[in-house]
Amino acid sequence: MNSIEINKLAQGVLLNTYSRPEFVLDHGKGVFLYDKEGNEYLDCVAGIAVNALGYQHPVLTDTLKKQADKLWHCSNLYHNEPQIKTAELLVKHTFADKVFFSNSGAEAMEGAIKIARKWGYKTKGEKASNIITFRNSFHGRTYAAVSATGQPKFWEGFHPIVPGFNFAEFNDIDSVRNLISDDTCAVLIEPIQGESGIFAADKDFLVELKKLCDEFNCLLIFDEIQCGIGRTGTFCAYEQYNIQPDIMTIAKPLAGGLPIGAILMNNKAAQYIEPGNHGSTFGGGPLITAVAEKVIQIISEPAFLKNVKEMGAYLKTSLEQLKTDYPEIKEVRGTGLMLGVEFSFDPQNIIKECLNQRLLICKAGNNTARFLPPLIIEKQHIDMAVSKFVKAIQQVRKK
(Lines give C-alpha, C1' and ligand atoms only; values in the text may rest on other atoms or scores of the structure.)
Protein backbone atom coordinates (compact mmCIF):
# COMPACT_ATOMS: atom_id res chain seq x y z
CA MET A 1 0.00 0.00 0.00
CA ASN A 2 1.16 3.56 -0.70
CA SER A 3 0.73 6.53 1.64
CA ILE A 4 -2.52 7.71 0.05
CA GLU A 5 -4.11 4.29 0.43
CA ILE A 6 -2.89 3.93 4.03
CA ASN A 7 -4.19 7.40 4.98
CA LYS A 8 -7.60 6.60 3.53
CA LEU A 9 -7.73 3.31 5.43
CA ALA A 10 -6.63 5.01 8.67
CA GLN A 11 -9.49 7.52 8.46
CA GLY A 12 -11.93 4.65 8.35
CA VAL A 13 -10.57 2.44 11.11
CA LEU A 14 -8.59 4.52 13.66
CA LEU A 15 -10.10 6.56 16.48
CA ASN A 16 -9.59 10.26 15.84
CA THR A 17 -7.13 11.04 18.67
CA TYR A 18 -4.15 12.42 16.72
CA SER A 19 -3.62 15.00 13.96
CA ARG A 20 -1.02 13.27 11.83
CA PRO A 21 0.80 14.41 8.67
CA GLU A 22 0.00 12.46 5.53
CA PHE A 23 3.31 10.64 5.06
CA VAL A 24 3.61 7.12 6.44
CA LEU A 25 6.80 6.07 8.20
CA ASP A 26 8.20 2.76 7.06
CA HIS A 27 11.63 2.16 8.63
CA GLY A 28 14.51 3.84 10.42
CA LYS A 29 18.28 3.73 10.69
CA GLY A 30 20.33 5.53 13.32
CA VAL A 31 18.80 9.00 13.80
CA PHE A 32 16.88 8.94 10.51
CA LEU A 33 13.38 7.77 9.58
CA TYR A 34 12.11 6.93 6.09
CA ASP A 35 8.57 7.04 4.71
CA LYS A 36 6.89 4.69 2.24
CA GLU A 37 8.16 6.79 -0.66
CA GLY A 38 11.77 6.66 0.59
CA ASN A 39 12.01 10.25 1.88
CA GLU A 40 14.54 10.68 4.70
CA TYR A 41 13.66 12.58 7.91
CA LEU A 42 16.09 13.68 10.61
CA ASP A 43 14.33 12.60 13.79
CA CYS A 44 14.43 15.05 16.68
CA VAL A 45 11.31 13.62 18.33
CA ALA A 46 12.56 10.07 18.97
CA GLY A 47 9.04 8.74 19.48
CA ILE A 48 8.54 11.47 22.13
CA ALA A 49 11.80 10.70 23.97
CA VAL A 50 11.39 6.92 23.51
CA ASN A 51 13.85 5.85 20.80
CA ALA A 52 16.86 6.80 22.88
CA LEU A 53 19.26 4.62 20.88
CA GLY A 54 17.74 5.44 17.51
CA TYR A 55 16.67 2.83 15.00
CA GLN A 56 18.07 -0.59 14.13
CA HIS A 57 20.57 -0.47 16.98
CA PRO A 58 22.47 -3.74 16.46
CA VAL A 59 22.62 -4.74 20.13
CA LEU A 60 18.90 -4.19 20.67
CA THR A 61 17.92 -5.88 17.42
CA ASP A 62 20.08 -8.91 18.14
CA THR A 63 18.77 -9.18 21.72
CA LEU A 64 15.16 -9.00 20.56
CA LYS A 65 15.68 -11.73 17.96
CA LYS A 66 17.40 -14.05 20.41
CA GLN A 67 14.74 -13.61 23.10
CA ALA A 68 11.96 -14.07 20.53
CA ASP A 69 13.32 -17.56 19.91
CA LYS A 70 13.13 -18.37 23.64
CA LEU A 71 10.11 -16.89 25.46
CA TRP A 72 7.74 -14.01 24.73
CA HIS A 73 5.34 -14.10 27.65
CA CYS A 74 4.70 -16.10 30.79
CA SER A 75 2.68 -13.63 32.95
CA ASN A 76 3.72 -12.52 36.41
CA LEU A 77 2.50 -15.73 37.97
CA TYR A 78 6.03 -16.98 37.31
CA HIS A 79 9.55 -15.58 37.38
CA ASN A 80 11.46 -14.76 34.22
CA GLU A 81 15.17 -13.98 34.23
CA PRO A 82 15.23 -10.85 32.01
CA GLN A 83 12.75 -9.09 34.30
CA ILE A 84 14.78 -9.78 37.42
CA LYS A 85 18.09 -8.79 35.80
CA THR A 86 16.58 -5.54 34.53
CA ALA A 87 15.21 -4.75 37.98
CA GLU A 88 18.63 -5.48 39.46
CA LEU A 89 20.22 -2.94 37.11
CA LEU A 90 17.64 -0.28 37.98
CA VAL A 91 18.28 -0.82 41.68
CA LYS A 92 22.03 -0.63 41.05
CA HIS A 93 21.88 2.66 39.14
CA THR A 94 19.23 4.48 41.21
CA PHE A 95 18.02 5.10 44.75
CA ALA A 96 15.50 2.28 44.49
CA ASP A 97 15.21 -0.84 46.61
CA LYS A 98 12.23 -2.31 44.73
CA VAL A 99 10.89 -2.20 41.16
CA PHE A 100 7.46 -2.87 39.63
CA PHE A 101 7.11 -3.14 35.83
CA SER A 102 4.12 -1.89 33.87
CA ASN A 103 3.40 -1.42 30.18
CA SER A 104 3.51 2.39 29.98
CA GLY A 105 4.26 5.58 31.84
CA ALA A 106 0.60 6.21 32.59
CA GLU A 107 0.29 2.74 34.13
CA ALA A 108 3.41 3.39 36.20
CA MET A 109 1.85 6.62 37.45
CA GLU A 110 -1.40 4.84 38.36
CA GLY A 111 0.60 2.32 40.37
CA ALA A 112 2.67 4.99 42.09
CA ILE A 113 -0.51 6.76 43.20
CA LYS A 114 -1.89 3.49 44.60
CA ILE A 115 1.36 2.75 46.44
CA ALA A 116 1.43 6.26 47.95
CA ARG A 117 -2.16 6.04 49.12
CA LYS A 118 -1.67 2.57 50.60
CA TRP A 119 1.36 3.91 52.44
CA GLY A 120 -0.63 6.89 53.74
CA TYR A 121 -3.47 4.63 54.87
CA LYS A 122 -1.10 2.35 56.78
CA THR A 123 1.10 5.00 58.37
CA LYS A 124 -1.19 8.01 58.92
CA GLY A 125 -4.73 6.73 58.71
CA GLU A 126 -7.66 6.60 56.31
CA LYS A 127 -7.78 10.35 55.68
CA ALA A 128 -4.15 10.55 54.52
CA SER A 129 -4.93 10.11 50.81
CA ASN A 130 -4.34 13.61 49.46
CA ILE A 131 -1.57 14.12 46.92
CA ILE A 132 -0.09 17.51 46.04
CA THR A 133 0.89 17.97 42.43
CA PHE A 134 1.66 21.06 40.33
CA ARG A 135 0.02 23.36 37.85
CA ASN A 136 1.05 22.84 34.22
CA SER A 137 2.19 19.30 35.03
CA PHE A 138 1.43 16.28 32.86
CA HIS A 139 1.31 12.74 34.23
CA GLY A 140 -0.59 10.68 31.67
CA ARG A 141 -3.96 9.97 30.06
CA THR A 142 -5.48 7.34 32.36
CA TYR A 143 -7.95 8.51 34.98
CA ALA A 144 -5.82 8.99 38.09
CA ALA A 145 -2.85 10.19 36.01
CA VAL A 146 -4.90 12.78 34.14
CA SER A 147 -6.57 13.83 37.40
CA ALA A 148 -3.09 14.47 38.83
CA THR A 149 -2.24 16.56 35.76
CA GLY A 150 -2.33 20.28 36.52
CA GLN A 151 -3.84 21.32 33.18
CA PRO A 152 -7.66 21.49 33.22
CA LYS A 153 -7.82 21.25 29.41
CA PHE A 154 -7.03 17.54 29.76
CA TRP A 155 -10.04 17.06 32.07
CA GLU A 156 -12.60 18.70 29.80
CA GLY A 157 -15.42 16.33 28.97
CA PHE A 158 -14.14 13.61 31.31
CA HIS A 159 -15.56 14.64 34.69
CA PRO A 160 -15.80 13.55 37.40
CA ILE A 161 -12.06 13.33 37.75
CA VAL A 162 -10.45 11.29 40.51
CA PRO A 163 -10.55 13.27 43.79
CA GLY A 164 -7.74 13.85 46.23
CA PHE A 165 -5.32 15.99 44.19
CA ASN A 166 -4.36 19.53 45.15
CA PHE A 167 -2.34 21.78 42.84
CA ALA A 168 0.55 23.96 43.92
CA GLU A 169 2.60 26.42 41.88
CA PHE A 170 5.76 25.01 40.31
CA ASN A 171 8.94 26.37 41.92
CA ASP A 172 6.92 28.08 44.70
CA ILE A 173 7.56 26.39 48.03
CA ASP A 174 5.10 28.64 49.89
CA SER A 175 2.26 27.39 47.70
CA VAL A 176 3.15 23.82 48.73
CA ARG A 177 3.38 24.82 52.37
CA ASN A 178 -0.14 26.27 52.16
CA LEU A 179 -1.54 22.94 50.95
CA ILE A 180 0.41 20.28 52.83
CA SER A 181 -1.13 18.77 55.96
CA ASP A 182 -1.37 15.60 57.99
CA ASP A 183 -3.81 14.31 55.36
CA THR A 184 -1.15 14.53 52.65
CA CYS A 185 0.36 11.18 51.71
CA ALA A 186 2.61 12.36 48.88
CA VAL A 187 3.88 15.20 46.73
CA LEU A 188 4.18 14.40 43.02
CA ILE A 189 6.41 16.42 40.70
CA GLU A 190 8.24 16.33 37.36
CA PRO A 191 11.83 17.55 37.87
CA ILE A 192 11.44 18.95 34.36
CA GLN A 193 7.93 19.70 33.14
CA GLY A 194 7.98 18.41 29.58
CA GLU A 195 4.55 18.75 28.00
CA SER A 196 4.03 22.29 29.28
CA GLY A 197 7.17 23.66 27.63
CA ILE A 198 10.39 22.25 29.18
CA PHE A 199 10.49 24.00 32.55
CA ALA A 200 13.02 22.72 35.10
CA ALA A 201 12.52 22.76 38.84
CA ASP A 202 14.90 25.01 40.76
CA LYS A 203 17.42 23.11 42.82
CA ASP A 204 16.68 25.09 45.99
CA PHE A 205 12.96 24.48 45.50
CA LEU A 206 13.36 20.70 45.29
CA VAL A 207 15.66 20.65 48.31
CA GLU A 208 13.06 22.55 50.33
CA LEU A 209 10.31 20.34 48.96
CA LYS A 210 12.11 17.26 50.22
CA LYS A 211 12.50 18.86 53.65
CA LEU A 212 8.80 19.70 53.72
CA CYS A 213 7.89 16.11 52.86
CA ASP A 214 10.07 14.86 55.68
CA GLU A 215 8.56 17.40 58.08
CA PHE A 216 4.99 16.28 57.32
CA ASN A 217 5.90 12.59 56.94
CA CYS A 218 4.76 12.16 53.35
CA LEU A 219 6.33 10.59 50.27
CA LEU A 220 8.08 12.47 47.49
CA ILE A 221 7.27 11.10 44.02
CA PHE A 222 9.28 12.06 40.94
CA ASP A 223 7.80 11.62 37.48
CA GLU A 224 10.82 11.01 35.24
CA ILE A 225 8.88 9.38 32.43
CA GLN A 226 10.20 11.89 29.90
CA CYS A 227 13.34 13.28 31.55
CA GLY A 228 14.78 10.03 32.96
CA ILE A 229 17.14 7.32 31.65
CA GLY A 230 19.92 9.49 30.23
CA ARG A 231 17.85 12.24 28.60
CA THR A 232 19.36 15.04 30.71
CA GLY A 233 22.94 13.72 30.76
CA THR A 234 22.71 11.78 34.00
CA PHE A 235 21.06 8.39 34.28
CA CYS A 236 18.20 10.01 36.21
CA ALA A 237 17.40 13.70 36.44
CA TYR A 238 17.12 13.64 40.25
CA GLU A 239 20.88 13.08 40.47
CA GLN A 240 21.41 16.70 39.44
CA TYR A 241 19.49 17.94 42.50
CA ASN A 242 21.34 15.99 45.20
CA ILE A 243 18.12 14.62 46.65
CA GLN A 244 16.33 11.31 46.33
CA PRO A 245 12.60 10.70 45.93
CA ASP A 246 10.78 7.87 47.67
CA ILE A 247 9.04 6.78 44.46
CA MET A 248 9.90 7.47 40.84
CA THR A 249 8.14 6.58 37.60
CA ILE A 250 10.08 5.90 34.40
CA ALA A 251 9.02 4.60 31.01
CA LYS A 252 9.65 6.14 27.61
CA PRO A 253 13.26 5.17 26.69
CA LEU A 254 13.54 2.19 29.02
CA ALA A 255 13.25 -0.47 26.29
CA GLY A 256 14.40 1.66 23.37
CA GLY A 257 11.01 1.76 21.66
CA LEU A 258 9.18 -1.23 23.11
CA PRO A 259 6.28 -0.58 25.53
CA ILE A 260 7.35 -0.60 29.18
CA GLY A 261 7.05 1.44 32.35
CA ALA A 262 8.42 1.01 35.83
CA ILE A 263 7.83 2.21 39.38
CA LEU A 264 11.01 2.56 41.41
CA MET A 265 10.69 2.90 45.16
CA ASN A 266 12.62 2.70 48.39
CA ASN A 267 11.77 0.23 51.12
CA LYS A 268 9.85 2.89 53.03
CA ALA A 269 7.36 3.27 50.18
CA ALA A 270 7.26 -0.43 49.30
CA GLN A 271 6.77 -1.87 52.76
CA TYR A 272 2.97 -2.18 52.75
CA ILE A 273 2.46 -3.61 49.27
CA GLU A 274 1.66 -7.31 49.33
CA PRO A 275 0.38 -9.94 46.85
CA GLY A 276 -3.00 -8.91 45.49
CA ASN A 277 -2.54 -5.15 45.97
CA HIS A 278 -1.33 -4.49 42.44
CA GLY A 279 -0.40 -6.39 39.31
CA SER A 280 0.00 -6.51 35.53
CA THR A 281 -0.53 -9.34 33.07
CA PHE A 282 2.04 -8.10 30.56
CA GLY A 283 4.28 -5.85 32.68
CA GLY A 284 7.93 -6.88 32.73
CA GLY A 285 7.55 -9.64 30.17
CA PRO A 286 10.75 -11.38 29.05
CA LEU A 287 10.75 -10.04 25.48
CA ILE A 288 10.60 -6.39 26.57
CA THR A 289 12.88 -6.60 29.60
CA ALA A 290 15.58 -8.50 27.69
CA VAL A 291 15.88 -5.38 25.51
CA ALA A 292 15.51 -3.01 28.48
CA GLU A 293 18.46 -4.68 30.20
CA LYS A 294 20.68 -3.81 27.21
CA VAL A 295 19.34 -0.25 27.04
CA ILE A 296 20.23 0.33 30.68
CA GLN A 297 23.70 -1.16 30.24
CA ILE A 298 24.43 1.12 27.27
CA ILE A 299 22.95 4.36 28.61
CA SER A 300 24.41 4.01 32.12
CA GLU A 301 27.99 3.98 30.80
CA PRO A 302 29.77 7.19 31.95
CA ALA A 303 31.16 7.84 28.45
CA PHE A 304 27.67 7.61 26.94
CA LEU A 305 26.20 10.05 29.47
CA LYS A 306 29.15 12.41 29.01
CA ASN A 307 28.42 12.50 25.29
CA VAL A 308 24.73 13.27 25.94
CA LYS A 309 25.81 16.27 28.02
CA GLU A 310 28.20 17.44 25.31
CA MET A 311 25.71 17.03 22.47
CA GLY A 312 23.00 18.69 24.54
CA ALA A 313 25.23 21.67 25.27
CA TYR A 314 26.17 21.90 21.58
CA LEU A 315 22.53 21.80 20.46
CA LYS A 316 21.47 24.33 23.09
CA THR A 317 24.25 26.75 22.14
CA SER A 318 23.44 26.36 18.45
CA LEU A 319 19.78 27.14 19.10
CA GLU A 320 20.55 30.06 21.41
CA GLN A 321 22.70 31.66 18.72
CA LEU A 322 19.62 31.92 16.51
CA LYS A 323 18.08 34.53 18.82
CA THR A 324 20.31 37.24 17.32
CA ASP A 325 18.84 36.88 13.82
CA TYR A 326 15.41 35.61 14.87
CA PRO A 327 14.01 37.79 17.69
CA GLU A 328 10.78 35.78 17.60
CA ILE A 329 12.76 33.21 19.59
CA LYS A 330 12.30 34.28 23.20
CA GLU A 331 14.19 31.58 25.10
CA VAL A 332 15.92 28.23 24.77
CA ARG A 333 15.33 26.01 27.81
CA GLY A 334 16.27 22.56 28.97
CA THR A 335 19.01 20.18 30.00
CA GLY A 336 20.91 17.58 28.01
CA LEU A 337 18.93 16.50 24.96
CA MET A 338 15.59 17.69 26.32
CA LEU A 339 15.32 21.21 24.92
CA GLY A 340 12.55 23.67 24.15
CA VAL A 341 12.64 26.75 21.92
CA GLU A 342 10.03 29.27 23.06
CA PHE A 343 8.61 31.58 20.41
CA SER A 344 6.61 34.77 20.76
CA PHE A 345 3.76 32.99 18.97
CA ASP A 346 2.36 29.50 18.44
CA PRO A 347 5.13 27.66 16.53
CA GLN A 348 2.80 25.10 14.94
CA ASN A 349 3.39 26.50 11.44
CA ILE A 350 7.14 26.29 11.98
CA ILE A 351 6.83 22.68 13.13
CA LYS A 352 4.76 21.93 10.01
CA GLU A 353 7.34 23.62 7.80
CA CYS A 354 10.04 21.52 9.46
CA LEU A 355 8.24 18.51 7.97
CA ASN A 356 8.79 20.01 4.52
CA GLN A 357 12.47 20.35 5.43
CA ARG A 358 12.44 16.67 6.49
CA LEU A 359 13.03 17.53 10.16
CA LEU A 360 10.82 16.03 12.88
CA ILE A 361 10.27 18.11 16.01
CA CYS A 362 7.17 18.48 18.18
CA LYS A 363 5.32 21.06 20.22
CA ALA A 364 5.25 21.56 23.99
CA GLY A 365 2.83 23.89 25.74
CA ASN A 366 1.39 26.81 23.80
CA ASN A 367 4.48 28.35 22.25
CA THR A 368 7.45 25.99 22.49
CA ALA A 369 9.06 23.79 19.84
CA ARG A 370 10.58 20.71 21.46
CA PHE A 371 13.79 18.90 20.52
CA LEU A 372 14.06 15.31 21.83
CA PRO A 373 16.53 13.60 19.49
CA PRO A 374 17.89 10.09 19.97
CA LEU A 375 20.68 10.15 22.53
CA ILE A 376 23.09 8.84 19.88
CA ILE A 377 22.86 12.08 17.85
CA GLU A 378 26.19 13.53 16.67
CA LYS A 379 27.40 17.05 15.86
CA GLN A 380 26.85 16.73 12.12
CA HIS A 381 23.24 15.73 12.78
CA ILE A 382 22.78 18.71 15.11
CA ASP A 383 24.20 21.07 12.48
CA MET A 384 21.78 19.56 9.95
CA ALA A 385 18.84 19.90 12.35
CA VAL A 386 19.58 23.55 13.13
CA SER A 387 20.01 24.35 9.43
CA LYS A 388 16.64 22.78 8.62
CA PHE A 389 15.06 24.58 11.58
CA VAL A 390 16.36 27.93 10.31
CA LYS A 391 15.01 27.26 6.81
CA ALA A 392 11.62 26.46 8.32
CA ILE A 393 11.58 29.74 10.27
CA GLN A 394 12.55 31.64 7.14
CA GLN A 395 9.82 30.00 5.09
CA VAL A 396 7.18 30.87 7.70
CA ARG A 397 8.46 34.46 7.73
CA LYS A 398 7.78 34.73 3.99
CA LYS A 399 4.13 33.65 4.34
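Author: This is a predicted model, so local features need pLDDT of at least 70, side-chain atom pairs count only at pLDDT 80 or more, and totals for chains, interfaces and linings use all residues. Residues are numbered from 1 along each chain as its sequence is written, and side-chain values use heavy atoms, with hydrogens and water left out.

Reader: What about Cys-213?

Author: Cys-213 is in no disulfide either; its nearest cysteine sulfur, in Cys-218, is 4.0 Å away. The structure holds 0 disulfides.

Reader: What makes Cys-44 buried or exposed?

Author: Buried means under 20% relative accessible area, exposed over 50%, partly exposed in between (1.4 Å probe, protein chains only). Cys-44 has 1%, so Cys-44 is buried. Cys-213 has 0%, so Cys-213 counts as buried.

Reader: And how do you know which label Met-1 gets?

Author: Met-1 has 56% relative accessibility, so Met-1 counts as exposed.

Reader: Why do strand 1 and strand 15 stand at the edges of the sheet?

Author: Strands are DSSP runs (E, at least two residues), numbered from the N terminus. Two strands pair if DSSP finds at least two bridges between them. The open sheet has 4 strands in the order 1-2-3-15. Strand 1 (25-29) and strand 15 (359-360) each have a single partner strand, so one side of each is left without a neighbour in the sheet.

Reader: What makes strand 3 and strand 15 a pair?

Author: 2 bridges join these parallel strands. In one of them, Asp-43 has Leu-360 as its bridge partner.

Note on methods:
A disulfide is a pair of cysteine sulfur atoms within 2.5 Å.
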